[in-house]
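Here's a quick briefing to read alongside the model.

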Amino acid sequence: MPLSSRHLLGMQNVPKEDIQLILDTANTFKEILDRPIKRVPTLQGKTVVNLFYENSTRTRISFELAEKRLSADAVNFSVSTSSVSKGESLKDTVKNIEAMKVDMIVIRHSVAGTPLMLTKLCDSNIINAGDGVHEHPTQALLDLYTIREKVGKLDNLKVCIVGDIAHSRVALSNIFALKTMGARVSVCGPSTMIPKQIEDLGVDIIYSIDEAIQENDVLNVLRIQLERKAREYFPSIREYVKYFGINSERLEKNKKDILILHPGPINRGVELSSDVADGPYQVILQQVTNGVAIRMAVLYLLGTLN
Amino acid sequence: MKILLKNLTAINPEQNLQEKNIDLLLSDGKIAEFAHNLDYDEKAVKIIDLSGKQVVPGFIDIHVHLREPGREDEETIETGCKSAAFGGFTAVACMPNTEPAIDSAEVVEFIKNRSKNNIVDVYPVAAATVGRKGEFLSPMLELKEAGAVAFSDDGVAIKTASILKRAMEYAKMIDLPIIEHCEDESLSFGSMNEGINSTLFGLPPLPSVSEDLIVMRDILMAQYTGARVHIAHISSANAVKMVREAKSKNIKVTAEVTPHHFTLTDDALKTYDTNLKMNPPLRSHKDVKEILDALKDGTIDCIASDHAPHSIEEKELEFDYAPNGIVGLETSIGLALTELFHKKILSLDEIILKYSINPRKVLNLKVPAFKVGEKAELTILDLDEVWTVNKEKFVSKSKNTPFDKRLLTGKAVGIYNNGKLLLNGEIIS
């Protein structure tokens, strides 16, 4: 069974069968990562461009490693080193890249909808590596993979996404993918960071972190932006830590057994205390490892479609 | 040259007039005869049969951006007028956010000169404040004398309540309206309507309360000063309700809506087509429903296109980077006839009120009448012509429309103004 789409733009409307296929495929690739020679010839001769209009060291490296381990030719194109700074339009850049005969484009962009725009500009397979505060599908897939690996199931699992939901591309992708797989999803954070009408997506809103811990099997904790602009959304870091920060005392007070995910990079002492970030409940580095396997699976499944 | 228009249906609700199979003799830009069965020698007059067509007082679009001076690559007064004429308008009011802004008599005169002898009359709306910066009043008396018909800082709302109060008090002296683009600056950093769709599409949200706050401020200020305020491109249900209530209290407020705000909702944004990016943004179903009710009950007085030409390269950018606005002159009347007249939301009389009579009352302009000796200013409608929008055929310099390839029923097939007849895309003068 091949994937039902030749692009991965988001998790909205991705059918259950596709998610299952990607997770199962990642399983076989994960094994390769533990071999002494971590490379298979699966995508030999295919060229993948990592088109990053926004800084993202870890996502770019994760994709690049996934590409190299599949023997694809990986080319990195980042804003600071490209003609973008000379004012070339996205359209011209993409047309130029395509003229060099590439097969797939992995795009990260600060404006939502840009990956969809690329599908109209060129014939390559497009993988969204994060667009604005819209979607980040491979992050959601690696989160699901990690949860499934640790808990053994997704169906009927209670998952709460904690933090700045409104300015997160991870939240929406997680909500779509988790709900498709039968999980019960809630969000928890200051009300200024909960996007309008999110309850219409069938998620509950929780304003108490203690309740979120008590009620859920999994917490997916998002990074809080600390820049000045983002700071307009909450009174102070102190207040955030006090009412939404997760620390060991809080976990022990409310519940023992819980799985904690974080897409990174962590603000230690803000959304997670250091003892939790390094503690027994978290699976943060496993997520990073699984990220490579998930991206290999996505690249493989899309790259061998046509 | 004399032109005899035969067998038309003449309608003018302002005159309580509806005459079928009537003939109209036009000479030197005026109505020479208006009667049944006029007979003339074909050698002396050009005879045109308009059986099945409705002839109505010339339509005016009171909210267009002609871009000249400043952005002649996007539109000029000449191409904008041509676009208006082909769209069925005999007149337009052009907004002052040009470069330089229309804030001096010289710029008003420049526009008047550029549009002299055009088939379309151009009425400049001047800036309410110098440079539209919201600091000092523009020279309104001088601007009026030069030909300005209203004052607006369109593109933005008048910056502070304090300068708004003075602008209203000053404009009241000459009975011209303040036209307001209602948007609270401190809430305007988004690129689509805030709601379930902005959450789903991940685009930065622009809440409708941003519009409501300024509509409320402007209504209260109009009540306080006794001046006239005209709400441009109203789009939010709450704003519409406030205008309705203000009218019931006899506050001097009028409002216009664009065809895109009564035709489309923010559901359409799922394509991320930058031709759906405008300000105010497309709103929800609830807002559109309120707008349709308000068109029907008269709360919304006018339909105006907010014709906003942009170059292809500007609109081909990523959604957040693309500028706001769409062209509208050549699709406006077709959309209104399709979405309002044929769907039985408005009668033809009401369409004529929104496009011809009410907007002229807002701007204190004389409504054209079917009367011998009067200036002839007419729009010719074919209510049943089925046509497909083709942006490549637009005569506007810009093609930024979300309505390309849309099937419409009803069209303005011609206009007569300033002694020139444009019919089915050809000038007959």
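Two strands pair if DSSP finds at least two bridges between them, and the strands themselves are DSSP runs (E, at least two residues), just as helices are runs of H or I with at least four, all numbered from the N terminus. Keep in mind that this is a predicted model, where local features need pLDDT of at least 70, side-chain atom pairs count only at pLDDT 80 or more, and totals for chains, interfaces and linings use all residues. Residues are numbered from 1 along each chain as its sequence is written, while chains are lettered from A and ligands numbered from 1 in the order in which they are written.

**Strands in chain B**
- Strand β16 (residues 378-388) of chain B runs antiparallel to β17(B), with 8 bridges joining them.
- Across that pairing, B:Ile380 sits opposite B:Gly414 in β17(B).
- On to β18 (residues 420-423) of chain B: β17(B) pairs with it in the antiparallel sense, over 4 bridges, and B:Asn417 faces B:Lys420 there.
- The hairpin of β17(B) and β18(B) leaves 2 residues between the strands, and B:Asn418 has a positive phi near 50°.

**Nonpolar cores**
- A nonpolar core here is a set of buried Ala, Val, Leu, Ile, Met, Phe, Trp, Tyr and Cys residues joined through C-beta atoms within 7 Å.
- The largest one has 123 residues, and B:Leu24, B:Phe89 and B:Val243 are among those with the most contacts inside it.
- Domain 1 (2-55 + 371-428) and domain 2 (59-362) of chain B both contribute residues, so this core lies between them; the bounds come from an automatic or database domain assignment.
- Beyond its neighbours within four places in sequence, B:Leu24 is in contact with residues including B:Leu5, B:Ile31 and B:Val55 (contact means C-beta atoms, placed from the backbone, within 7 Å).
- Apart from that core lies another of 108 residues, including A:Leu118 and A:Ile206.

**Where the chains meet**
- 17 residues of chain B are in contact with 22 residues of chain A.
- Helix α5 (residues 196-201) of chain B gives the largest share of chain B's side, 4 residues.

**Domains of chain A**
- Chain A is assigned domain 1 (16-136 + 290-303) and domain 2 (137-287).
- Their C-alpha centres lie 26 Å apart, and the contact takes 20 residues from domain 1 and 23 residues from domain 2.

How values were computed
Contact = placed C-beta atoms within 7 Å. Buried ≥ 20, exposed ≤ 12 C-beta atoms within 10 Å, placed from the backbone.
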